[in-house]
Amino acid sequence: MDDTIIDIGDTVVCDFCNLDYTDSDESGGVLIGSFAVCPRCAPDAIRNAEKYHEPVDAVCPPHKSFKQWVLDMRGGDNTIRISFS
């Protein structure tokens with residue numbers, strides 16, 4: 001199996017709608033599982049999580065941008081791994 005590792009730097013996009021937050025200071029959003037959900041998608045995502053009894057694992061603090069919150073959660077690891085089998 002071969003892996004390709006790509007460093008995406010400080011790029012931040014919503015895992016639901018793919019809207020790019022790299023240059024945004026907008027606050028809000030939630031973490032559901034491993035999905036970073038942007039401020040715009042968060043209300044529907046929370047409603048669906050509640051409907052299906054799924055946990056919302058974290059909520060972006062109101063004083064922090066969605067971008068910075070996601071970068072903080074990454075802990076400096078800004079890479080994605082693509083595995084080929």
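This is a predicted model: local features need pLDDT of at least 70, side-chain atom pairs count only at pLDDT 80 or more; totals for chains, interfaces and linings use all residues.
Tyr-21 sits in the loop between strand S1 (2-7) and S2, while Phe-66 belongs to helix H2, so the pair ties together parts that are 45 residues apart in sequence.

Now follow helix H2 along to Trp-69. The centres of the Phe-66 and Trp-69 rings are 6.3 Å apart with the planes at 45 degrees, so this pair is tilted. These two residues are three apart in H2, which puts about one helical turn between them. In general, an α-helix has 3.6 residues a turn, so residues three or four places apart point the same way. Together, Tyr-21, Phe-66 and Trp-69 make up one aromatic cluster. Are its members buried or exposed? Tyr-21 is buried at 2% relative accessibility, Phe-66 is buried at 0%, and Trp-69 is buried at 7%.

Let's step back to the whole chain. It holds two helices and five strands, arranged from the N terminus as β-β-β-α-β-α-β. The C-alpha trace spans about 40 × 30 × 20 Å along its principal axes. Of the 85 residues, 31% count as buried. Among contacts with a separation of 6 or more, 64% join residues 24 or more positions apart. As for charge, there are 7 positive and 15 negative side chains, and the centres of these two sets lie 5 Å apart.

Helix H1 (residues 42-51) is the next stop. Which of its residues are buried? They are Ala-42, Ala-45 and Ala-49. Viewed down the axis of H1, the buried residues fall within an arc of 65 degrees, so they line one face of the helix. Their cover includes strand S2 (30-32) and strand S3 (35-37). On the other side of H1, you will find Glu-50 and Lys-51 exposed. Just after this helix, His-53 adopts a positive phi of about 55 degrees.

Finally, look at Pro-62 in the loop between strand S4 (58-59) and helix H2 (66-74). Pro-62 is exposed, with 74% relative accessible area.

Methods
Residues are numbered from 1 along each chain as its sequence is written. Side-chain values use heavy atoms; hydrogens and water are left out. Helices (H or I, at least four residues) and strands (E, at least two) are DSSP runs, numbered from the N terminus. Buried means under 20% relative accessible area, exposed over 50%, partly exposed in between (1.4 Å probe, protein chains only). Contact means heavy atoms within 4.5 Å. Lys and Arg count as positive and Asp and Glu as negative; His and the chain ends are not counted. The place of a charge is taken as NZ of Lys, CZ of Arg, CG of Asp or CD of Glu. The arc is that of the directions from the helix axis to the C-beta atoms. Rings of Phe, Tyr and Trp (its six-membered ring) pair if their centres lie within 6.5 Å; planes under 30 degrees apart count as stacked, over 60 as edge-to-face and the rest as tilted.
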